[in-house]
Every structure is written in C-alpha cells, then in structure tokens.
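Here is a briefing on a single protein chain.

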Amino acid sequence: MTYPETQLHHSLPLLLICDNIRDPGNLGTILRSAAGAGCSKVLLTKGCVDAWEPKVLRAGMGAHFQVPIINNLDWEVVPSYLPTDTRVYVADNCGLYAQPQKSNKASDYGWMCDRQLSKFHKYEEEEEDPETGDSKGWLPELEVQNYDLDWTEAPAAVVIGGETHGVSLESLQLAESTGGKRLLIPVVPGVDSLNSAMAASILLFEGKRQLRLRAEHLSRDRSYH
C-alpha cells in the first residue's frame, strides 16, 4: 500500500506494538489514535484480532489507510521491524501508585493485575544460575517512570496490552533487552485500569508532545548559532 504524503511527512520516530488486543472496537480506536499521533507504523502480534476485521475497520475510521499496519507477528521477528536503537516501553495497564518491590513474584509488582497472572504461572519457579548457584527471577525487572517524563530521546515503541490477557512475557523481555521502561499512568486509588484504547491514546500523544518540544528546542538552539 501507498500512504498519503502528508501522513509520511508528519510521521514520527514512534511505533506502537499491540499485544493481545482482542476487542475489535478497541483495536480500531487504537489504530485511529496511532494515525492521528503520527506513528510510523503499528505492529500487531499473534493473539490480536485481525486488523482488517469489519468491526476494526469501522472503528478505525480510515486509519488503516493512514498508517502502515503489520499483522500477525511472532515476537521473535518483532525486533526486525524496529528502527536501530529503538527502546521498547510497556504501558502500565493497572494504573497503580505502588512501585515494584525487589521480589520475584509477579503479585508483588504494581504493574501486574491479578487477572494477568495466570498466564505466567508456568514461569513461577525460580531458575538457578548453573555458574553461581543464585536463583534468577522469572520476571524481567523494568524501571518505572511516569508517562509524562521524557522517554522519547531515542526512537520509541510503546506496547499496549489487552484488558483481559494483559501484556505477554515476551513484551517485557523485549523492553528489558532494549533498555526500555514501564510507563505508569497514575489513576485515583480504587479506580480500575484504563481502557486499552484510552491508555494508548494518552501515551502516543504524550510521545508526540515530547517530540514536538524536542524539535522546538533544537530549532531554537540552531537559531542562536
């Protein structure tokens, strides 16, 4: 497919990775936000609803023809679709104020909702390092930062997980391997997690804001020289 020149001109070093997004309305809305924010591309891993399913198309309101969408990817090939030096950030889908503790149990991490834990049970036994004999945590440790702090100094990819199944272990491992972090969107205590499409919109337009400010600062610096 070819895409409008205006869309390509406004494309940003910002990607979206959809992980276990299974609701057609949510995915369509997410694609619409990705196109509006100027994402360079959207990657959909296996487990997501088909991007070309009629309900997704309806909710996307033309977004499919504004931003490149790569469908049905295995996690092993996702890195090959990322620009060099991309950092992968995982969206917090629980919205908890709690910071992660030094523990190897998922339930002790503020970014793991109870409903997300069952898919990780097979990893729950700690592995032992054959060289040192030390036990290794089965869950990647990701530093937490608020979503409105700078995270766009390098090309960035944001992972949005589905509301039912959450993010996959592979997404956490990819974020850890690229030096990414968990982006926390704080909500008032007692309020359930944000809708996936809402969380994606907040993060993508925050990334757009940060990139715009960086471009303005660079332009200002050049005018002084």
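Strand β2 (residues 39–45) runs parallel to β3, and 3 bridges join the two. Two strands count as paired if DSSP finds at least two bridges between them. Helices (H or I, at least four residues) and strands (E, at least two) are DSSP runs, numbered from the N terminus. The model is predicted: local features need pLDDT of at least 70, side-chain atom pairs count only at pLDDT 80 or more, and totals for chains, interfaces and linings use all residues. Residues are numbered from 1 along each chain as its sequence is written, and side-chain values use heavy atoms, with hydrogens and water left out.

**Sheet**

- L43 has I70 of β3 as its bridge partner.
- The open sheet holds 7 strands in the order β3-β2-β1-β8-β4-β9-β7, with parallel pairing.
- β3 (69–73) and β7 (144–146) are the edge strands, each pairing on one side only.
- From one strand to the next, the twist averages 30°.
- In a regular strand, side chains alternate between the two faces of the sheet.

**Strand β4 and its neighbours**

- 4 bridges join β4 to β8, and the two run parallel.
- V88 has A157 as its bridge partner in β8.
- β4 is also joined to strand β9 (residues 182–184), by 2 bridges, again in parallel.
- Opposite A91 stands L183 in β9.
- β4 is mostly covered, with 4 of its 5 residues buried. Buried means under 20% relative accessible area, exposed over 50%, and partly exposed in between (1.4 Å probe, protein chains only).
- Helix α4 (residues 169–177) lies across β1 (12–19), β4 (87–91) and β8 (156–161). Its direction is at about 135° to β4. Axes are lines fitted to C-alpha atoms, for helices over the stretch in contact, and angles run from 0 to 180 degrees between N-to-C directions.

**Whole chain**

- The protein chain has 5 helices and 9 strands.
- Along the sequence, the pattern is α-β-α-β-α-β-β-β-β-β-β-α-β-α.
- Of the 225 residues in the protein chain, 45% are buried.
- Among contacts with a separation of 6 or more, 81% come from residues 24 or more positions apart. Contact means heavy atoms within 4.5 Å.
- The accessible surface is about 11600 Å², and 51% of it belongs to carbon and sulfur atoms. The areas come from the Shrake-Rupley method with a 1.4 Å probe; for residues, only the protein chains shown count as cover.

**Helix α2**

- α2 covers residues 24–37, and its 14 residues should span 20 Å at 1.5 Å a residue. The expected span is 1.5 Å times one less than the number of residues. The end C-alpha atoms are 20 Å apart, which agrees.
- Since 10 of its 14 residues are buried, α2 is largely enclosed by the rest of the structure.
- Buried residues of α2 include P24, L27, I30, L31 and A37.
- At the start of α2, a side-chain oxygen of D23 reaches to within 3.1 Å of the backbone nitrogen of G25.
- G38 follows α2 and has a positive phi, near 95°.

- N72 is not a glycine, yet its phi is positive, about 60°. N72 lies in strand β3.
- D85 is not a glycine either, and its phi is positive at about 70°. D85 sits in the loop between β3 and β4.
- D85 is exposed, with a relative accessible area of 61%.

Notes:
Polar contact = N/O pair within 3.5 Å; in protein donor to acceptor, adjacent residues only side chain to side chain.
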